[in-house]
Amino acid sequence: MSNCFLNVTRPILFWRSLFAILFSSSLLLPNLGNQTARAQVVLQSCQLSPKAIQEKEKLRLSALKGNRDSQNSYQKLLKQHAQELQNCRSRNWPQTQAIWLRLYPCDTQPGAIDQIMDRIVSRGYNQVYLEAFYDGQVLLPAAANPTVWPAVVRTPGTEKVDLLAAGIKKGQERGLKVYAWMFTVNFGYTYGQIPSRQEAIARNGKGQTSLAVVDNASQVFIDPYNTQAKTDYYRMVQEVVRRRPDGLLFDYVRYPRQAGSDSIATKVSDLWLFTPATQEAFFRRAFNSKGLELMRRFLSKGYVTTGDINQVDKLYPQESEPLWQGRNPPTADKSLLSPTNRQQLLQSELWQLAVAHAMQGILDFVALASSLGQQQRIPSGAVFFPDGNQAVGKGYDSRLQPWDRFSPSLEWHPMAYANCGNANASCIAEQVQRVLSVAQPGTQIIPALAGKWGESISNRPSLEAQMAALRQFAPQIKGVSHFAYSWQYPEQDSDRKFCRLP
């Protein structure tokens, strides 16, 4: 992928100056305002009635026992519900309503995925974000897993079970579009245990990996410039794409999120630049020997002094100003600019260069990850925090998530998870508004909301309240997703997570 980040012409958010310097159915619930003998569509939900849900579940259980009549009736009903859902969603806001789903080894049991996908359709969803790679595991069959990560399903006797392919197939049979949702720069704990991959793990200037700075000890973030890491990830995405999902969704497109004062990167040692591949790429941004030498000194110490500048001037007298990608040195008479006069400016520009280099690694990695989908004409999207790219005082959010420079050809999935109280969704709407204000025309924006239907949860309003607030100020948005299936069905999720397989 290209490392060039100089041609930045459109306005962006917190680092605007930084990069300017650098580079209708009887089975649907009744409408309360128009009840008739046959139930009408609820505009916002497209959910099935309890009676319809019961009928479908009864047929599923009977079909699972081998009753052929029930099997035929069940399949016929699935097609009917798929058509009704498509009709309802096409007429009502939002046209796309998605839900995030994680499968477990217990879901290899007969009928398990059918039940899950039926419930998703019954709740009015027409898309599923099925987690294919997370916590250092892949949702591939153990017997056909060419990646460096272990399979999610490792129970003896299930080596050939392909939960990812099954989830995609079962969803699509019900009229659902099924996206493969994958962690991206977070490769998981298991990756960090591979001796041959140690140089691929991101490190900051304090010698730390993400295991030392993130509460969740399963998170191992990698160096996005590392060729081995890119090869490993590309191979995994190839296997996912072979299952023909309807889309790809890339999560953790960022660096680790740290706590307290460490949540703000204010110095070079806070940045994840201290791996061989990242440093080699960084130094390639130098345009002359003066620039390269100052870049080396800045990275090793975190600053440059007047003495450093004076020494570099003497080392390379044939060169004028230190140059690197994106640097446009002052045009003032050089004889008037002593090392003392230049030190503050050069140090500031070197800091900006380091931050931009870290961010460009993220941009290049997501471009590589999404390229396979583009080749197969499978849409790709990037998941991000709307506040993950902000300046804080003289520093930057430690996640260094440059989402405002994601390609407009990607779907943008802002996680609008702001918490402003059980009955208040204003801060959630504000986060989405921030994204809308930056995106180029035509960018598909699909906000992710965290919540539960019918009740508040984790000090967040119900999904109904959040959806109403979102529709009021941004009716132009066509898609919304809900995190997560486990929040909608917590008891079933727990049973699925901890069941005992035969």
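Q: Which residue in β10 does Gly381 stand opposite?
A: Gly381 stands opposite Glu411 in β10. Before we go on, this is a predicted model, where local features need pLDDT of at least 70, side-chain atom pairs count only at pLDDT 80 or more, and totals for chains, interfaces and linings use all residues. Residues are numbered from 1 along each chain as its sequence is written, and side-chain values use heavy atoms, with hydrogens and water left out.

Q: OK, and what's pLDDT?
A: It's the predictor's confidence in each residue, from 0 to 100. The chain averages 90, and 90% of the residues score at least 70. Over residues 1-43, though, the pLDDT is below 50. That stretch still has 123 contacts in the model beyond near neighbours in sequence, a contact being heavy atoms within 4.5 Å.

Q: Back to β10. Which strand pairs with it, and is the pairing parallel or antiparallel?
A: Strand β7, residues 380-384, pairs with β10 in the parallel sense over four bridges. Two strands pair if DSSP finds at least two bridges between them.

Q: How many helices and strands are there in the chain?
A: The chain has 15 helices and twelve strands. Both are DSSP runs numbered from the N terminus: helices are H or I with at least four residues, strands are E with at least two.

Q: What's the order of the three strands in the open sheet?
A: They go β6-β9-β8, with antiparallel pairing. The edge strands are β6 (264-265) and β8 (391-392), each pairing on one side only. Two bridges join β8 to β9, which covers residues 395-397. Tyr396 in β9 is the bridge partner of Ala391.

Q: What holds paired strands together in general?
A: Strands of a sheet pair through backbone hydrogen bonds, either parallel or antiparallel.

Q: Which strand is Asp397 in, and what does Asp397 contact?
A: Asp397 is in β9. Leaving aside neighbours within four places in sequence, Asp397 contacts Ser263, Asp387, Gly388, Gln390 and Val392. Asp397 counts as buried because its relative accessibility is 12%. Thr266 is 131 residues away from Asp397 in sequence, yet their C-alpha atoms are 9.1 Å apart.

Q: Where is Asp270 found?
A: Asp270 is in the loop between β6 and α8 (276-283). With a relative accessible area of 9%, Asp270 is buried.

Q: What does the side chain of Asp270 make a polar contact with?
A: With the side chain of Lys206, at 3.1 Å. A polar contact is a pair of N or O atoms within 3.5 Å; within protein, one must be able to donate a hydrogen and the other to accept it, and residues adjacent in sequence count only if both atoms are side-chain atoms. A polar atom of the Asp270 side chain also lies 3.0 Å from the backbone nitrogen of Thr266.

Q: Switching topic: how many salt bridges does the structure hold?
A: There are 27, a salt bridge being a side-chain nitrogen of Lys or Arg within 4 Å of a carboxyl oxygen of Asp or Glu. One network links Asp114, Asp118, Lys169, Lys170, Glu173 and Arg174.

Q: How far apart are the closest N and O atoms of Lys169 and Glu173?
A: They're 2.6 Å apart. Lys169 and Glu173 are separated by about one helical turn because they sit four residues apart in helix α5 (residues 163-173). Glu173 also forms a salt bridge with Arg174, at 4.0 Å between the closest N and O atoms.

Q: Is Arg174 buried or exposed?
A: Arg174 is buried, with a relative accessible area of 2%. Lys169 is partly exposed at 48%, and Glu173 is partly exposed at 33%.

Q: Which residue does Glu239 meet in a salt bridge?
A: Arg242, at 2.9 Å from N to O. Glu239 is buried at 11%, whereas Arg242 counts as exposed at 60%.

Technical notes: Buried means under 20% relative accessible area, exposed over 50%, partly exposed in between (1.4 Å probe, protein chains only).
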